[in-house]
Amino acid sequence: MRPEDLLLPTPAGVCCKLGGFHIDPTRPVDKALITHGHSDHARAGHGTVLATQETLDLMRLRYGESFAGAVQAIKYGETVKLGGVKVTFHPAGHVLGSAQVAVEANGLRAVASGDYKNVADPTCAPFELVPCDLFITEATFGLPVFRHGDPDAEIAKLLRSVALFPDRAHLVGAYSLGKAQRVIALIRKAGYERPIYLHGAMQKITHYYQYRGIDLGRVELARGVSKSELAGTITLCPPSTLKEVWSRRFPDPVTCFASGWMRVRARARQHLVELPLVVSDHADWGGLTATITATGASEIWVTHGQEDALVHWSMTQGLRARPLDIVGYGDEDKAGDGEDDQPDGAA
Ligand SMILES: [Zn+2]
Ligand SMILES: [Zn+2]
């Protein structure tokens, strides 16, 4: 059996003929296995969706009750038989509920990792290494220049700035699903105990994280709080709102943006970001290459925009590697507006 007999790249996404399903399809299909709730992976309109309970719940929050014909929840480590294959979900460490999908038949194992990071995150289960023959990896930050560094050091920068400017508000642009909650959790980990404020677009998802037991401390809507009370505070908001009228309710705001793209100074300038914070929910170059090696896979398929360098690197390691030309993943990345999530933060 060859890897292509197990999984097949199609324009709609990776397809498993033997199992009768697609993984993270970009078009409506009969049966979809969804790795996580970001909008480029989790789309509405499929017949049946198999995903973790968290991913199903997040899809319901975003798209409404009828986001799929039928749903089936699967736990991490649980194996289901679909047609002629066995499917197991493993934590991907990307956002709450995110999973890698392992597909097995005839002694061959393929892992579609969706988006992942091999870095600690207080808001989701840690990435689990799954040995496999074929590894499908993202390449959002698939260039050697991307080294994300220590997220705690970035949060320390933010808190130093808050201490330095007690009369100004700090507005932190962050994507509504995953990044915002992780930034809040990191701020708490650093010992900051005052209320943290939210843009309304982040409320539902943030409440859902709290409902699933993620401790975020006191989180309140910025709406209705007076301008003077917002001096010296921290507010999380969708990145696009940093430049909108909405931000004028804040006293002399310091604009911050938490993203792996903040490693690139031009991006920070383009977004008029005063305080860039390099905090990413994707593996950086070191993380991608270390993970590829550690899986032991002899064949690597690469998605998400920056495929070339990672394909080339894999080949220098003696691995078979190819880009997957699936249109629709991380499109917002290319626009420079985000990491996966809807640039407008709509939720
Ligand atoms: Zn994602
Ligand atoms: Zn993605």
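**Close-up 1. Contacts of Pro-28 in the predicted model.** Leaving aside residues up to four places away in sequence, Pro-28 touches Gly-45 and His-46. The model shown here and in the other views is predicted. Pro-28 sits in the loop that runs between β3 (21–23) and β4 (31–33). With a relative accessibility of 62%, Pro-28 counts as exposed, since the cut-off for that class is over 50%. The C-alpha atoms of Pro-28 and Ala-44 are 7.5 Å apart in space, while the two residues are 16 residues apart in sequence.

**Close-up 2. Helix α5 and its buried side.** Helix α5 spans residues 203–211, and Ile-205, Thr-206, Tyr-208 and Tyr-209 are buried in it. These residues are on the same side of α5 because they cover an arc of only 155 degrees around the axis. Among the elements that cover the buried residues of α5 are the helices α2 (53–63) and α4 (179–189) and the strands β13 (196–198) and β14 (219–221).

**Close-up 3. Helix α8, with buried and exposed sides.** In helix α8 (residues 307–316), the buried residues are Glu-307, Leu-310, Val-311, Trp-313 and Ser-314. Their arc around the axis is only 160 degrees, so they lie on the same side of α8. Asp-308 and His-312 are exposed on the other side of α8. The cover over the buried residues of α8 includes β11 (134–138), α7 (285–295), β18 (299–303) and β19 (320–323). Just after α8 comes Gly-318, whose phi is positive at about 80 degrees.

**Close-up 4. Lining of the largest pocket.** The largest pocket holds about 190 Å³ of space. Its lining consists of Glu-154, Lys-157, Met-262, Arg-263, Arg-265, Ala-268, Arg-269, Val-273, Pro-276 and Val-278. Helices α3 (151–164) and α6 (265–270) each contribute at least two residues to the lining of the largest pocket. The largest share, three residues, is from α6. By class, five residues of the lining are nonpolar, five are charged and no residue is polar.

**Close-up 5. Confidence, and the stretch 331–347.** The protein has a mean pLDDT of 93, with 95% of its residues at 70 or more. Over residues 331–347 the pLDDT is below 50, although this stretch has 65 contacts in the model beyond near neighbours in sequence.

Key: Residues are numbered from 1 along each chain as its sequence is written. Chains are lettered from A and ligands numbered from 1 in the order in which they are written. This is a predicted model: local features need pLDDT of at least 70, side-chain atom pairs count only at pLDDT 80 or more; totals for chains, interfaces and linings use all residues. Side-chain values use heavy atoms; hydrogens and water are left out. On a 1 Å grid over the protein atoms alone, a cavity is a set of points where a 1.4 Å probe fits but cannot get out, and a pocket is an open set with protein on both sides within 12 Å along at least five of seven lines; lining residues have an atom within 4 Å of a point. Grid points are joined across faces, edges and corners, and a volume is the space filled by probe spheres set on the points. Helices (H or I, at least four residues) and strands (E, at least two) are DSSP runs, numbered from the N terminus. Ala, Val, Leu, Ile, Met, Phe, Trp, Tyr, Cys and Pro count as nonpolar, Asp, Glu, Lys and Arg as charged, and the others, Gly among them, as polar. Buried means under 20% relative accessible area, exposed over 50%, partly exposed in between (1.4 Å probe, protein chains only). The arc is that of the directions from the helix axis to the C-beta atoms. Contact means heavy atoms within 4.5 Å. pLDDT is the predictor's confidence in each residue, from 0 to 100.
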